[in-house]
Amino acid sequence: MAFVTAAGMASATTNAKSTLQSASARQPSSSSSGSFCAPTSNKTRLMVSQIQVQAQAQAQAQAQKPTSKSNSKSSITMTEMFPITLQRFIIQNAMAHADMPHLKDMQNLVSAIQFACKQIRREIARAPINNMTGLAGDGNTKSVNIQGEEQKKLDVLSNEILKNALRYTGKLSQIASEEEDEPVLIDEMSSGSYISVFDPLDGSSNIDAGIATGTIFGIFEDNCSVLSSDWQEKVDAMQYKKMFSTMQPGSNLKCAGYCIYSSSTMLVITFGNGVHGFTLDPELQEFVLTHPNMRIPDKGNIYSVNEANSLMWDPEVQQYIHDFKTEGYTSRYIGSLVADVHRTILYGGVYVYPGDAKNKNGKLRLLYECA
């Protein structure tokens, strides 16, 4: 405000001087020596006074006009300075929902997950530089996971990153990964009462082409106590208990979500009371709330399916997809579950991976991807 007023006064003074000089130039000289320094008349003084008053009024009006905008900009700046981070969101959510005691336990677990996702993002970005593209193995033997899928180098690395981040939270009793042959028990000294299931790097077949990939995770409450000291004595019983603990229905999930690695990195998560998206701020290195209360639009115009398998589909599935085409839907298929589902949540439409003659039950797994 002071700057505007000073500018206005400076302008008024300049205008007054110009008017005074103009008026003086028109006055005849009364000096016998021929000097042009004419005395200032009362009329000129009055004009200067009026100009100064007008300039002051204009300066004050200009200073008052942007007051509301200035406050608005100030509030926006404060919001940008103090964004809602993922950690802050979990703490506030736990305080607001006393009827959901598991939210307090999620603080450690989600903190470990987001830390692992930042590491995985970094490894993906540097994969070509660090020679981390291509298949895992020694060159002669390919590495294959329990699902019969060839493992990429980043599959193996991402699995280790996420597994190690979760192992020492003190909240988990078991870890089940798509890249592991069987669930991994946590050491008794670090074990807790939850189970984490995850696909560390979904869509890794696209990784060498720089196409979007993601991490999928879920957290269940352990409903069967298992101690690692029992391994040697009850191997069969142990295997049964591990399966019983990890193979739970999706309705038992305490937390679930995914992290998509693309042009931006976004972590989408739910604790059972809404779905929220957090985008990684590369400067702060924090996940910041950008998509609160995400909901799939009621109507979309995109269908996503691998139509290369259409000849092996059941007739009902073929007709189902054909109906989308006749209704004017557009086809979009990336081949990465996280990327295709993320687009569907934001834009609407449908994503399907039906069973066919080759894969009777499809390729999406309830435990890691669809629960």
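Does Lys-254 count as buried, partly exposed or exposed, and at what relative accessibility? In this predicted model, Lys-254 comes out at 24% relative accessibility, so it counts as partly exposed. Its salt-bridge partner is Glu-221, with the closest N and O atoms 3.8 Å apart. The two sit in distant parts of the chain: Glu-221 belongs to strand β4 (residues 213–221) and Lys-254 to strand β5 (residues 253–261), 33 residues apart. Glu-221 is partly exposed too, with a relative accessible area of 37%.

## Other salt bridges

The whole structure holds 11 salt bridges. One of them joins the side chains of Glu-307 and Lys-325 at 3.0 Å, N to O. Glu-307 is in the loop between β9 (302–304) and α8, while Lys-325 is in helix α8, so this pair ties together parts 18 residues apart in sequence. Glu-307 has 26% relative accessibility and counts as partly exposed, and Lys-325 gets that label at 43%.

Arg-122 and Glu-123 also pair up through their side chains, at 3.5 Å. Here Arg-122 is partly exposed at 44%, but Glu-123 counts as buried at 16%. Then there's a network of salt bridges linking Glu-149, Glu-178, Arg-365 and Glu-369.

## Asp-340 in helix α9

Asp-340 sits in helix α9 (residues 337–347) and is buried, with a relative accessible area of 0%. The side chain of Asp-340 reaches the backbone nitrogen of Ile-334 at 3.0 Å. Residues touching Asp-340 include Ser-304, Arg-332 and Tyr-351.

The helix itself is mostly covered, with 8 of its 11 residues buried; among them are Leu-337, His-342 and Arg-343. After α9 comes Gly-348, which has a positive phi near 90°.

Note on methods:
Residues numbered from 1 in each chain as written. Predicted model: local features only at pLDDT ≥ 70, side-chain atom pairs only at ≥ 80, totals over all residues. Heavy atoms only, no water. Helix = DSSP H or I, 4+ residues; strand = E, 2+ residues; numbered from the N terminus. Buried < 20%, exposed > 50% of the residue type's maximum accessible area, 1.4 Å probe, protein only. Polar contact = N/O pair within 3.5 Å; in protein donor to acceptor, adjacent residues only side chain to side chain. Contact = heavy atoms within 4.5 Å. Salt bridge = Lys/Arg side-chain N within 4 Å of Asp/Glu carboxyl O. Lists of a residue's contacts leave out its neighbours within four places in sequence.
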